[in-house]
2 protein chains.
Amino acid sequence: MQVGVFGTSMVGQAISGKLAALGHDVMVGTRDVTATLAQTEPHPFGFPAFSVWQQQHPGVRLGSFADAANHGEVLFNATNGSASLAALQLAGATNLNGKILIDIANPLDFSRGMPPSLSVCNTDSLGEQIQSAYPDLKVVKTLNTVTASIMVNPGLVADGDHTMFVCGNDAGAREQVSDWLRTWFGWRDVIDLGDITAARGTEMYLPVWLRLMGALGTGMFNIKVVK
Amino acid sequence: MQVGVFGTSMVGQAISGKLAALGHDVMVGTRDVTATLAQTEPHPFGFPAFSVWQQQHPGVRLGSFADAANHGEVLFNATNGSASLAALQLAGATNLNGKILIDIANPLDFSRGMPPSLSVCNTDSLGEQIQSAYPDLKVVKTLNTVTASIMVNPGLVADGDHTMFVCGNDAGAREQVSDWLRTWFGWRDVIDLGDITAARGTEMYLPVWLRLMGALGTGMFNIKVVK
């Protein structure tokens, strides 16, 4: 498939690398291609600059947000939550409409220091803001509840025996994305939470995720829903 | 032990019933003893009126919030989150100070209909508000992430193989409460999330809990943290 991935950081790299390895035709979108390629220092969080990463993943092309949106039959939002709406505006409604957007972004606000708070929550969510701005886009929120490497390889923890959530207004898109989560990435337990307002719940899970990372001393964990 | 439990609803009944069965001397506190005893109809959520419940639990006494606070060597806040600060004010600082308060309340706001939103979140929490109002009280937030029957009997789901969180500013109190969770109720996996600001995380987990209840068709579930 032709896949467009917005965002060149850790999540964008994980998604793009995995899909390219599966044989998909991936283009990553960024705000400023020249500026992205000029950056060569590792990110403070430890992942490589995109230009360095791309040398190991020559099949993954880089373009503008509009290029990547136009390229993709399916789209991933792997930008920072604070930059997501601006990125989608640059992608352009005509390049987005009618497609499935798998929204992985979290509205983390680092402006008041650590730990981050959420820039939107409780009675609204980033997933809803995106859906509301682009009514003809099929937004499916998922994967935002685990660290990047687990998104595309759930077997890295507890033999993959843990849970992923999907939500979105289009039932067919939720089902399609759930199927991709299983076949592309290996998720076995995918729970459909219903319409996009459930993104309030999965985004508001981030504060306890951050505290768990602190308590466990690692981001390599997830939760399993048990009955 | 002498235990004071604030709140006569489902959570107060579960905690009080279990602790009385274990041989503890339990007093439940309410705003208006006469009004509470006059109520005989089941709650819309399905649990019995306290007066009816008490007939099956004659060892559990009912008193004012101040009576229960004065009675307890350890205290449980099992009130509605919207009523918690008022309840503690009626309990009285002199009856509270120096004691451990196990805070189970969630700041659910039903005033805008279903699903409820949170009346405080993101940069503050009910747990923090209580701790801030009573600096000499040792607030430990826990148990608010599961339905009442699971709080006191985690074995009801998945043979008890799932996770409970504790947080609070006093490390000794967190350790004591973790021990009580294990010995009184049977919790095996208790994760210490650190100071009371982690209550933001465990309270903000409620929206995804509510969506999971809808998706699973039951409140009889929990999450297990897996590494």
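This is a predicted model: local features need pLDDT of at least 70, side-chain atom pairs count only at pLDDT 80 or more; totals for chains, interfaces and linings use all residues.

Modeller: Start with A:Asp192, which forms a salt bridge with A:Arg174, with 2.8 Å between the closest N and O atoms. A:Asp192 sits in strand S10 (residues 189–192) of chain A and A:Arg174 in helix H9 (residues 171–185) of chain A, so this pair ties together parts that are 18 residues apart in sequence. To count as a salt bridge, a side-chain nitrogen of Lys or Arg has to be within 4 Å of a carboxyl oxygen of Asp or Glu.

Residues are numbered from 1 along each chain as its sequence is written, chains are lettered from A and ligands numbered from 1 in the order in which they are written, and side-chain values use heavy atoms, with hydrogens and water left out.

The side chains of B:Asp195 and A:Arg211 meet in a salt bridge, at 3.4 Å from N to O. This one crosses between chains: B:Asp195 is in the loop between strand S10 (189–192) and helix H10 (199–204) of chain B, and A:Arg211 is in helix H11 of chain A. B:Asp195 is partly exposed, with a relative accessible area of 34%, but A:Arg211 is buried at 18%. Between chain B and chain A the count is 2 salt bridges.

Let's stay with helix H11 for a moment. In chain A it covers residues 206–216, and its buried residues are A:Leu206, A:Pro207, A:Val208, A:Trp209, A:Leu210, A:Arg211 and A:Leu212.

What does the whole meeting of the two chains look like? The contact takes 37 residues from chain B and 37 residues from chain A, where contact means heavy atoms within 4.5 Å. Together the chains bury about 2,900 Å², with 70% of it on carbon and sulfur atoms. In chain B, the residues that lose the most area to chain A are B:Arg211, B:Val226 and B:Lys227, together 23% of what that side buries. Buried area is the accessible area (1.4 Å probe) that two parts lose on being put together, summed over both.

Within chain B, the side chains of B:Asp161 and B:Lys224 meet in a salt bridge too, at 3.0 Å from N to O. B:Asp161 lies in the loop between H8 and strand S9 (163–167) of chain B and B:Lys224 in strand S11 (residues 222–226) of chain B, so the pair ties together parts 63 residues apart in sequence. B:Asp161 is partly exposed, at 35% relative accessible area. Back in chain A, A:Asp103, A:Lys141 and A:Glu203 are linked in a network of salt bridges. Over all chains, the count comes to 16 salt bridges.

Finally, the chain as a whole. Chain A has 11 helices and 11 strands. Its radius of gyration is 16 Å, close to the 17 Å that the globule rule gives for 227 residues, so chain A is as compact as a globular protein of that length. That radius is taken over C-alpha atoms, and the rule is 2.2 Å times the number of residues to the power 0.38. Buried residues make up 58% of the 227 residues in chain A. Of the contacts in chain A with a separation of 6 or more, 72% come from residues 24 or more positions apart.

Terms used: Helices (H or I, at least four residues) and strands (E, at least two) are DSSP runs, numbered from the N terminus. Buried means under 20% relative accessible area, exposed over 50%, partly exposed in between (1.4 Å probe, protein chains only).
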